[in-house]
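Subject: Structure for you, with pocket notes

Hi,

Here is the structure I promised. Please open it alongside this note; my findings follow below.

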Amino acid sequence: VADRIWWRFILAVALAGLPGLPAMAQDAPQKTAEILAHKALSDDWSFKFLESLTSEIGPRLGGTEAEWRAADWAAARLKAAGMTVHTESFPMTAWLRGVETAAIVKPAPQRQAVVFRTYGDLLAAAPGSLNGKIAVVTERMVRTVDGMGYGLANPIRRQGASEAARRGAIAYLHRSLGTDNHRLAHAGALNYEDGVPKIPAAALANPDADQLERLSALGPVTVHVTLTPTTDENAHSITVVGEIKGREKPDEIVLIGAHLDSWDLGTGAIDDGAGDAIVSGVGRLIAALPQHPKRTVRIVLFGAEEMDFSDKAYETAHAGEVPKIVMAGETDFGARRVYEMRLPQGAASSPFGKMIAGLLPPLGVLLVPEAPRHGGSDIQDIGADGVPEVSLSQNGLDYFDIHHTADDTFDKVDPAELAQNVSVWAALTYLVAETGVDFRALANTAAKP
Ligand SMILES: [Zn+2]
């Protein structure tokens with residue numbers, strides 16, 4: 001021990017006496033970030049967190065008792081991991097699944113189905129042309145590594161029911177937004193347009209959509225659909241927040257989040273239990289440091305994302321705080337490896353960008369110059385209000401094979417890939433909190449000609 005103290009003393013004297021060494025002080029955050037990133041790679045805390053969430057809580061539809069149980073569970077976990085914890089409740093309309101059947105009953109005298117092979121074909125149909133019919137869209141979403149195929153196919157589910165109703169249809173079926181060939185339907189929210197009849201709508205598993213396509217090529221197809229979901233307009237959801245208070249600038253907030261609610265068919269492992277496990281793991285690692293970073297690190301486990309309430313609820317509750325949120329990031333794209341980092345405009349080429357870029361090669365991540373396309377659905381409203389967004393792109397090639405299906409279960413998650421996510425998020429979150437990088441200022445500078 002004495003030897004080590006001597007060494008430190010000699011080193012300190014030597015460094016103090018050398019010119020041009022302020023760089024030494026700047027290197028300290030990078031060193032700590034590197035240690036955090038390394039530690040995360042061999043840490044199974046997040047994997048165990050996900051195992052417990054998916055086993056002990058399981059599916060957790062927004063606004064239901066299961067989601068509240070998940071919130072209690074998560075609050076206890078974050079607290080045990082060294083964070084200061086509180087919850088935020090907000091009102092919402094809950095959706096509760098009922099009976100769901102669809103049967104091809106041709107040639108019995110049931111509702112005739114009109115099959116459109118593309119969504120564009122449905123949009124091209126004349127008003128009244130679907131009177132009394134069931135509209136079916138069988139367009140298939142395209143598999144891509146970054147999920148772009150899902151984004152582009154989204155209107156088929158989001159707006160298709162109202163577009164069909166506008167043309168006279170009495171029900172709407174569409175091919176699941178999914179890339180698998182399993183006989184499982186992919187759930188997902190839709191938006192009914194005001195002033196248009198709210199007709200029943202449901203997603204078909206890919207093989208069933210194929211079958212309808214083939215039969216419709218042979219002649220008229222009739223289908224009988226039974227859907228009995230209910231809603232509860234007086235429900236509420238709960239968001240769970242864990243914080244590591246900043247030691248110098250506690251009112252400046254570095255926010256990373258994921259959503260705690262899930263669809264009800266699987267156990268919400270890749271969507272988005274994995275995200276919860278990743279950001280909670282980051283919070284735990286940072287909370288365990290010998291000293292808190294300069295800025296506050298805030299871990300947010302959002303409620304009711306799948307039902308579309310999380311972003312607006314958070315923006316409404318935190319409107320006054322927006323200027324003080326210096327960064328927002330979200331992980332909601334499964335548990336596969338991160339391959340790309342995007343920082344706010346102008347940051348990649350800044351000294352901060354160079355600092356983080358130096359940590360990424362061993363983690364297999366590329367820092368690209370482009371700003372994020374979409375930070376995440378929970379943070380999009382505060383992002384629109386000016387909060388700088390970051391994004392880490394994950395390999396999403398097989399994400400939509402199981403997304404929103406009964407197959408979204410814990411066995412799909414690889415512990416090493418999950419740990420790599422924790423590692424990259426930990427390095428980024430810590431560095432933003434410790435260095436005080438000003439993303440808004442960098443974006444302003446970049447915007448000037
Ligand atoms: Zn999600």
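β2 gives the largest share of the lining of the largest pocket, five residues. Helices (H or I, at least four residues) and strands (E, at least two) are DSSP runs, numbered from the N terminus. A pocket is found on a 1 Å grid over the protein atoms alone, as an open set of points where a 1.4 Å probe fits, with protein on both sides within 12 Å along at least five of seven lines; lining residues have an atom within 4 Å of a point.

Before you read on: this is a predicted model, where local features need pLDDT of at least 70, side-chain atom pairs count only at pLDDT 80 or more, and totals for chains, interfaces and linings use all residues. Residues are numbered from 1 along each chain as its sequence is written, and side-chain values use heavy atoms, with hydrogens and water left out.

Back to the largest pocket. Its space comes to about 1400 Å³. A volume is the space filled by probe spheres set on the points, with grid points joined across faces, edges and corners. The lining has 44 residues, and W95, G188, L190, A201 and A202 lie nearest the centre. Elements that supply at least two lining residues each include β1 (84-96), β2 (100-104), α8 (206-218) and β8 (230-244). By type, the lining holds 27 nonpolar, nine polar and eight charged residues. Here Ala, Val, Leu, Ile, Met, Phe, Trp, Tyr, Cys and Pro count as nonpolar, Asp, Glu, Lys and Arg as charged, and the others, Gly among them, as polar.

Now the second largest pocket. Its volume is about 1000 Å³. It is lined by 40 residues, with Y150, D332, F333, H374 and G376 closest to its centre. α6 gives the most to this lining, six residues.

Last, the whole chain. It has 15 helices and 14 strands. The radius of gyration is 25 Å, close to the 22 Å that the globule rule gives for 449 residues, so the chain is as compact as a globular protein of that length. That radius is taken over C-alpha atoms, and the rule is 2.2 Å times the number of residues to the power 0.38. The C-alpha trace spans about 90 × 50 × 40 Å along its principal axes. Of the 449 residues, 52% count as buried, meaning under 20% relative accessible area (1.4 Å probe, protein chains only).

Best wishes

Notes. Buried < 20%, exposed > 50% of the residue type's maximum accessible area, 1.4 Å probe, protein only.
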